[in-house]
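Subject: The structure for you to look at

Hi,

Here is the structure I said I would pass on. Have it open while you read the rest.

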Amino acid sequence: MRLTTVPSRTAIIGTWKMEGGVGWIQLGADGRFSATDLPTELFNPGTWQDGVTSTHGTWTLDARGGSVDLVPVDALRAEVSDIGLGIVERGHATHLCVTSGDPGVLCDFLLQRAPN
């Protein structure tokens with residue numbers, strides 16, 4: 001697995017499912033996202049929290065095409081944090097990655113494109 005980039009927003013629009021879990025993120029063409037059944041700690045980095053959460057908000061692709069920034073509407077109330085998802089390649093498939101703060105670990109969570 002390695003960090004990579006995508007050429008445009010179009011390359012990541014769609015539904016991404018959490019590997020090993022039931023959660024998913026939908027990235028819409030209109031710049032909005034919705035997320036369902038994701039680990040709570042995903043939106044509260046640095047602290048372990050048990051359970052799952054659902055939220056929605058806006059998303060953008062950074063200028064170099066290497067990360068996706070999610071801004072949940074709840075972030076305005078400081079209940080959750082913005083989150084950045086790295087873009088990684090494993091095999092020949094693009095994945096979204098919640099990057100890890102642990103040395104030697106690239107991703108804490110990995111999302112793969114859901115089949116249509």
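Below is what turned up in it, starting with the whole chain and then going into detail.

Some ground rules first. This is a predicted model, where local features need pLDDT of at least 70 and side-chain atom pairs count only at pLDDT 80 or more, while totals for chains, interfaces and linings use all residues. Residues are numbered from 1 along each chain as its sequence is written, and side-chain values use heavy atoms, with hydrogens and water left out.

The big picture: the chain has zero helices and nine strands. (Helices are DSSP runs of H or I with at least four residues, strands are runs of E with at least two, and both are numbered from the N terminus.) Buried residues make up 41% of the 116 residues. Here buried means under 20% relative accessible area, exposed means over 50%, and partly exposed is in between, using a 1.4 Å probe and protein chains only. Among the contacts with a separation of 6 or more, 40% are between residues 24 or more positions apart; a contact means heavy atoms within 4.5 Å.

Next, the inside. In soluble globular proteins, nonpolar side chains tend to be buried together. In this chain, the largest nonpolar core has 20 residues, and I12, I25, L27, V68 and L70 have the most contacts inside it. Strands that give two or more residues to this core include strand 3 (24-27), strand 6 (67-72) and strand 8 (93-99). (A nonpolar core is a set of buried Ala, Val, Leu, Ile, Met, Phe, Trp, Tyr and Cys residues joined through side-chain atoms within 4.5 Å.)

Now follow strand 7, which has several partners. Two strands pair if DSSP finds at least two bridges between them. Strand 1 (residues 2-3) runs antiparallel to strand 7, with two bridges, and L3 stands opposite V88 there. Strand 6 is also antiparallel to strand 7, over four bridges, with D69 opposite G84. Strand 7 and strand 8 are antiparallel too, joined by five bridges. Their hairpin has two residues between the strands, and G91 takes a positive phi near 65 degrees in it.

W24 stands opposite T36. This hairpin has four residues between its strands, and G31 takes a positive phi near 85 degrees.

H95 is worth a click. Is H95 buried or exposed? H95 is buried, with a relative accessible area of 4%. H95 lies in strand 8, and V88 stands opposite H95. The H95 side chain reaches the backbone oxygen of A93 at 3.3 Å. Leaving aside neighbours within four places in sequence, the contacts of H95 include W16, E19, I87 and L110.

Last, the cysteines. A disulfide is a covalent bond between the sulfur atoms of two cysteines, and the cut-off used for a pair is sulfur atoms within 2.5 Å. A search of the whole structure finds one disulfide. It joins C97 to C107, with S to S at 2.0 Å. C97 lies in strand 8 and C107 in strand 9, so the pair ties together parts that are ten residues apart in sequence. The link of C97 and C107 is left-handed, with -115 degrees about the S-S bond. C97 is buried at 0% relative accessible area, and C107 is buried at 16%.

Cheers

Terms used
Polar contact = N/O pair within 3.5 Å; in protein donor to acceptor, adjacent residues only side chain to side chain.
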